[in-house]
Amino acid sequence: MSENKQFSSLSESKQGSWSGKFAFILAATGSAVGLGNIWKFPYITGENGGGAFVLVYLLCIAGIGIPIMMAEIMLGRRGHENPVNTMEDLARQEGASKQWKMLGWMGITAGIMIFSYYSVIAGWALSYFFDALRGVFSGITAELADHHFSGLLGSWTSLLGWHSVFTIMTIVIVARGVRGGLEKAVTILMPALFVMLILMVGYAMQNGEFKKAVNFMFSPDFSQLSGAAVLTAMGHAFFTLSLGMGAIMAYGAYLPKNVSIGATTITIALADTIVALLAGLAIFPIVFSHGLEPSSGPGLIFTTLPIAFGDMPYGSLFAGIFFLLLVFAALSSAISLIEPAVARLTEKRDISRVGATWLVGGLSWLLGIGSVLSFNLLSDDKLAGKTFFDWMDYLTSNIMLPLGGMLIAIFAGWVMQQKSSRDELAMNQLAYTLWLFLTRFIAPLAVFLVLLKVSGVLDAVTG
Ligand code: PHE
């Protein structure tokens with residue numbers, strides 16, 4: 001009971017602490033596992049040629065994502081506030097420039113930008129949930145599934161409607177500070193999603209080109225790997241682990257002192273990675289058995305999974321459950337996208353939590369209209385080959401999150417005294433040395449080099 005209370009009041013109370021390590025893992029896993037794993041990972045893997053891309057992604061998770069997640073949790077637990085104030089306070093403590101707080105602001109901006117299109121995609125899942133219940137997918141062919149999806153994208157009014165519904169759902173949860181409730185629900189929903197994915201993989205093994213899919217995902221062909229693909233893989237490592245924008249930092253503020261940051265980080269990263277790989281293994285066998293294009297883009301899961309559901313017994317029911325679980329996974333990620341912004345605004349005192357949430361959510365909703373229209377009315381209006389939605393995704397995942405992550409690594413590895421980080425991480429000497437090495441050299445350097453490559457790409461575009 002008291003656990004529950006502490007849990008649901010976490011957003012209001014600065015002094016609050018997660019009732020335990022388990023609660024923190026739940027919230028952080030809820031943030032990490034979302035559309036990034038099930039919607040985005042398969043389609044960008046398909047667009048970037050498979051195996052080599054997956055390998056780079058896994059290396060980025062291990063070598064960049066894990067050390068930076070540890071750094072972010074560590075900074076959050078030490079700073080104990082929203083990302084802006086946390087960075088400002090920690091910088092003061094370490095005798096560094098208080099301009100480090102700009103890192104917090106960049107994160108808040110990235111969170112709002114991501115939420116703006118995240119809710120558009122979550123809207124697709126909502127719409128598919130109701131379609132599934134109406135039996136739309138029963139016996140559906142590949143062609144009809146494609147037709148159905150194009151129909152949804154073509155109707156900007158539907159997309160706007162679902163975008164609005166999902167945005168409001170998120171706002172209501174964040175505004176009422178009942179996140180704890182949703183995060184508790186994650187204890188049931190996340191394993192349920194996991195079981196559904198296993199079921200889908202089972203179906204794919206029986207009925208799809210499973211071998212071909214495993215080959216596609218796990219045998220790297222480096223001739224398929226472009227510089228842009230490396231950037232996308234790295235950016236996705238940040239996106240899928242919710243890193244580089246302060247979400248994990250904000251949650252870290254509530255992690256009790258005696259919990260091992262290293263062990264919790266590895267648990268979260270492992271769960272996140274397994275879900276993404278399962279999603280790929282559920283989807284690609286169907287892609288290959290129906291002669292579909294792995295590189296067909298953001299619609300990939302929406303055009304393949306219905307075929308599988310349409311073919312299995314009780315398919316409409318399973319499809320309904322699956323898309324509902326996907327909506328919940330998206331919801332527990334979405335709340336962490338706007339939490340830093342809301343927390344910072346509420347600090348100002350002259351605005352209530354409800355007001356702050358509607359303000360942030362409203363702003364993001366407006367911005368999301370650009371993404372809604374990217375799939376229909378404005379689909380041909382491109383800047384350097386990218387629609388508004390493409391730009392939002394590119395700027396946040398491929399630039400802002402890696403940049404934020406790089407600065408977090410620099411702060412944790414160089415600005416912060418080793419005495420502080422050693423004390424906070426409380427690991428054995430070997431693990432600490434490895435973390436320090438990755439955080440000081442590998443993570444920042446890798447991000448820097450890959451971003452340098454992008455600026456070359458940008459030059460080529462503008463030149
Ligand atoms: N990690 C979430 C996902 O994979 C998205 C997210 C990114 C959430 C950044 C919070 C912060 O869907």
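My entries on the pocket, the cavities and that helix follow.

**Ground rules.** I'm working on a predicted model, where local features need pLDDT of at least 70, side-chain atom pairs count only at pLDDT 80 or more, and totals for chains, interfaces and linings use all residues. Residues are numbered from 1 along each chain as its sequence is written, and side-chain values use heavy atoms, with hydrogens and water left out.

**Terms for the spaces.** On a 1 Å grid over the protein atoms alone, a cavity is a set of points where a 1.4 Å probe fits but cannot get out; a pocket is an open set with protein on both sides within 12 Å along at least five of seven lines; lining residues have an atom within 4 Å of a point. Points are joined across faces, edges and corners, and a volume is the space filled by probe spheres set on them.

**Largest pocket.** I looked here first. The largest pocket holds about 840 Å³ of space. I found 43 residues lining it, with Tyr 43, Glu 47, Gly 297, Pro 298 and Asp 390 nearest its centre. H11 gives the most to this lining, 7 residues; helices here are DSSP runs (H or I, at least four residues), numbered from the N terminus. Other helices supplying at least two residues include H3 (35-47) and H19 (429-462).

**Cavities.** I count 3 cavities of 30 Å³ or more. The largest cavity has about 130 Å³ of space, and Ser 31, Phe 239, Ser 242, Ser 333 and Leu 337 lie nearest its centre among 16 lining residues. H15 gives the largest share of that lining, 3 residues.

The second largest cavity comes to about 40 Å³. Its lining is Val 186, Leu 189, Met 190, Leu 193, Leu 325, Phe 328 and Ala 329. H9 gives the most here, with 4 residues.

**Helix H16.** Where does H16 bend? It bends at Leu 367, by about 25 degrees; the bend is the angle between axes fitted to the seven residues ending there and the seven starting there. H16 runs over residues 353-374 and reaches 32 Å from its first C-alpha to its last, close to the 32 Å expected at 1.5 Å a residue (1.5 Å times one less than its number of residues).

I also checked burial: Arg 353, Val 360, Gly 368 and Ser 374 are among the buried residues of H16 (under 20% relative accessible area, 1.4 Å probe, protein chains only). Their cover includes H6, H8, H15 and H17.

Technical notes. Buried means under 20% relative accessible area, exposed over 50%, partly exposed in between (1.4 Å probe, protein chains only). Contact means heavy atoms within 4.5 Å.
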